[in-house]
Structures are given as C-alpha cells and as structure tokens.
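Trainee: I would like to go through this model and test each label against its cut-off. Where do we start?

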Amino acid sequence: MVASTSPSTGPWRWVELSRIHKFAGSMLMFWPFAWGMTLAARPLSLPLQEYAFHLAHGLVGATLLHGTSAGCVWNDILDRDFDKQVARTKRRPIADGRVSVPGALVFLAIHLVVLVGLLWPCNALAWNLGLVTVFPLAGIYPLMKRVTYWPQAWLGVAMNTIALVAWSALHADVAPASVALFVGCWSWTLYYDTIYALQDKRDDVQAGVKSTAILFGEYVKAILALFAGLLVACLTTAGVLNGQGVPYFALTVGGTASYLIVQLLKLDVDDPKSCFKAFESNGFTLGGIVWGGLFVDYLLG
C-alpha cells in the first residue's frame, strides 16, 4: 500500500511501469536462468556459495530484463495506442498519460545500462548471448504482435535465451542438455503466455492485436496440452543428457507433469480470472517445482 503518494502522479507510476510489484513476470524470466544454472552446476560440483551468488546475480538481471526491454517499459512505449483500447491495459502509465514517452525512454536506458553492467564479467559466449537477449530479441518482441499470430513464439526465444546464458557462463559452451532445456522453456512460454493472452482476446481482436490465443480458437486447450507435453519431454531429455538422478526425474519431471495436468483440467479459457490465476501459478509455483528437483539433485550429486 502506498499511503501518502498518489498512484496517478507520484513515484508509484514508475513501479507500475516496470510492474515490479507484479512479481510473477519477473519470476517467469528468472526461472529459465535458475534452471540452466542449476543444470550446469551439477556436473561441475559447483560450491554452494558460488552457486548462490550466481543465482542472486541472475535474479537481479531477470527482474531488470522483465521490467525493461523484454517485458514492460519498451513494450508499453510501443503498445501505448493498443493499450488504450484494451480494458485491462488502458490504465497503464504511458497509455493514460501519467508517464511521458521521453521519460519512459530515460527510465529504460538506466535499466539497460545496469543490465549491461551485470553481463560485463561473463565470458565471451555468455556475454554475446546476453547482449542478443537484451537487445534484438527482446526489443523486437512488441512488434511481432502486429505482423504475426505467433508473437508468443518470438517471446519464447527472447525470454529463454537466458537459460543458455546461465549454462555458458559456467561451461563456456552450449551443450545438448542446455539446448533441450531451452526448447522446453520455449514451449513453456508458449503455454503460459497463450493463457495470459486469453484474458484479452475479445479486446485484442477489435484492436488488431495478434496472438496465439486468437489463432488457436476453439482448439486452444488441446494445443496448450501439446506445449505442456513438449515441456515435460524436453525436461526428460535434458535430464538424461546431463546425467541427472532420481530426485530430478521424480520431482522436476514427475511434479511438472502432474501439475500441468491438474492445471489444464481446472483452466477455464473463457474466464479471465481463471486464466490469470493459471498464468501467475506458473511463475510462483510451477517454476519452483522444476527448480526444486534440480536443486535437490545438485545438492545430492
């Protein structure tokens, strides 16, 4: 609660712009890094203190990346005219005029400078992958919904290259296990962001915004099940390629499969509240299930 500051004119508008108060989005950006880092740490027997440092480093980076180029500020600058036409987004700070476009660009630039600083200590491969993630991949995403019904596919690449950054930061290569994880993360993004887009499908059609939620139509739930299945298959493949143990396959693979089945059975694709609840639970719960099995296996390995 912000007691003495008007949310329409005070500092809270910058919090709204970055959406840091809606932490599910930052966690959806963080989990692929955490999964990739933990997958990479096990074969190296990375000391726990060093692992924790890298994980904290990634959490800060993921939060900044979600709030700037990939998730919010840049997206809201480009989408300000669309946002005015959608009930859920018309009160965003740029769309309703509380934050000017020049002000948002300065806010964005500050965050990008910090992000580049976080990447600076990385080896050459991780540095290059990180720069590609921050700039062209994330920067182009908001434009994709204007030209294709598959913007979520581009978002999946932009959001999850960070899993390859995490692996390469420790190994200075991109191994088959990390590629399998990346593909699984990509599929996961298609899954949860299609659910997220279902909230706005009626307004999006009128505004001319394209998404997989509109494209899949009446088959959306069946297609979501396919993406969920691909995530589970990729987690299994990554585990086999990386020599993971029983805790990983029981908790990460088994737990993920069980959770997704229950979630799909409960999901009402025509109810925005049901869709938002499912979306948030991917950030707060499912990501933790995948990481939990990885972490236990890392500790025991």
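**Labels and their grounds**

Mentor: With burial. Buried residues make up 54% of the 301 residues in the protein. Keep in mind that this is a predicted model.

Trainee: What makes the protein as compact as a globular protein of that length?

Mentor: First, the make-up: the secondary structure comes to 14 helices and 0 strands. Now set the radius of gyration against the globule rule. The radius is 19 Å, and the rule gives 19 Å for 301 residues, so the protein is as compact as a globular protein of that length. The C-alpha atoms fill a box of roughly 55 × 45 × 40 Å along the principal axes.

Trainee: What share of the contacts with a separation of 6 or more joins residues 24 or more positions apart?

Mentor: That share is 75%.

Trainee: Why is the aromatic pair of Trp 35 and Trp 188 called tilted?

Mentor: The count comes to 17 aromatic pairs. Trp 35 and Trp 188 form one with 4.9 Å centre to centre and 35 degrees between the planes. The centres must lie within 6.5 Å, stacked needs planes under 30 degrees apart, and edge-to-face needs over 60.

Trainee: What does the pair of Trp 35 and Trp 188 tie together?

Mentor: Trp 35 lies in helix 2 (residues 24–44) and Trp 188 in helix 9 (residues 176–197), so the pair ties together parts that are 153 residues apart in sequence. Trp 35 and Trp 188 are both buried.

Trainee: Which residues form an aromatic cluster?

Mentor: Phe 30, Trp 31, Tyr 51, Trp 291, Phe 295 and Tyr 298 form one.

Trainee: How do you know that Lys 210 lies over the face of Tyr 149?

Mentor: By its distance, for one. Lys 210 is at 5.7 Å from the ring centre of Tyr 149. The cut-off is within 6 Å, with a further limit of 35 degrees from the ring normal. Lys 210 counts as lying over the face.

Trainee: Tyr 149 has another neighbour, Leu 215. Why is Leu 215 called partly exposed?

Mentor: Its relative accessibility is 38%. Buried means under 20% and exposed over 50%. The value falls in between, so Leu 215 is partly exposed. Leu 215 is found in helix 11 (residues 212–216). Not counting residues up to four places away in sequence, it touches Tyr 149 and Trp 150.

Trainee: How do helix 9 and helix 14 (residues 272–300) cross?

Mentor: Their axes come within 7 Å and cross at roughly 145 degrees. From helix 9, Trp 188, Tyr 191, Tyr 192, Ile 195 and Tyr 196 take part. Their partners in helix 14 include Cys 275, Phe 276, Phe 279 and Leu 286. By class, this contact has 10 nonpolar, 2 polar and no charged residues.

Trainee: Why is Ser 45 called exposed?

Mentor: Its relative accessible area is 53%, and exposed means over 50%, so Ser 45 is exposed. Ser 45 is found in the loop between helix 2 and helix 3 (48–67).

Trainee: What is the phi of Ser 45?

Mentor: Phi is near 50 degrees, a positive value in a residue other than glycine. Ala 172 also has a positive phi, near 60 degrees. Ala 172 is found in the loop between helix 8 (151–171) and helix 9.

Conventions. Residues numbered from 1 in each chain as written. Predicted model: local features only at pLDDT ≥ 70, side-chain atom pairs only at ≥ 80, totals over all residues. Heavy atoms only, no water. Phe/Tyr/Trp six-rings, centres within 6.5 Å; stacked < 30°, edge-to-face > 60°. Helix = DSSP H or I, 4+ residues; strand = E, 2+ residues; numbered from the N terminus. Buried < 20%, exposed > 50% of the residue type's maximum accessible area, 1.4 Å probe, protein only. Contact = heavy atoms within 4.5 Å. Axes fitted to C-alpha atoms, helices over the stretch in contact; angles between N-to-C directions. Nonpolar A, V, L, I, M, F, W, Y, C, P; charged D, E, K, R; others polar. Rg over C-alpha atoms; globule rule 2.2 N^0.38 Å.
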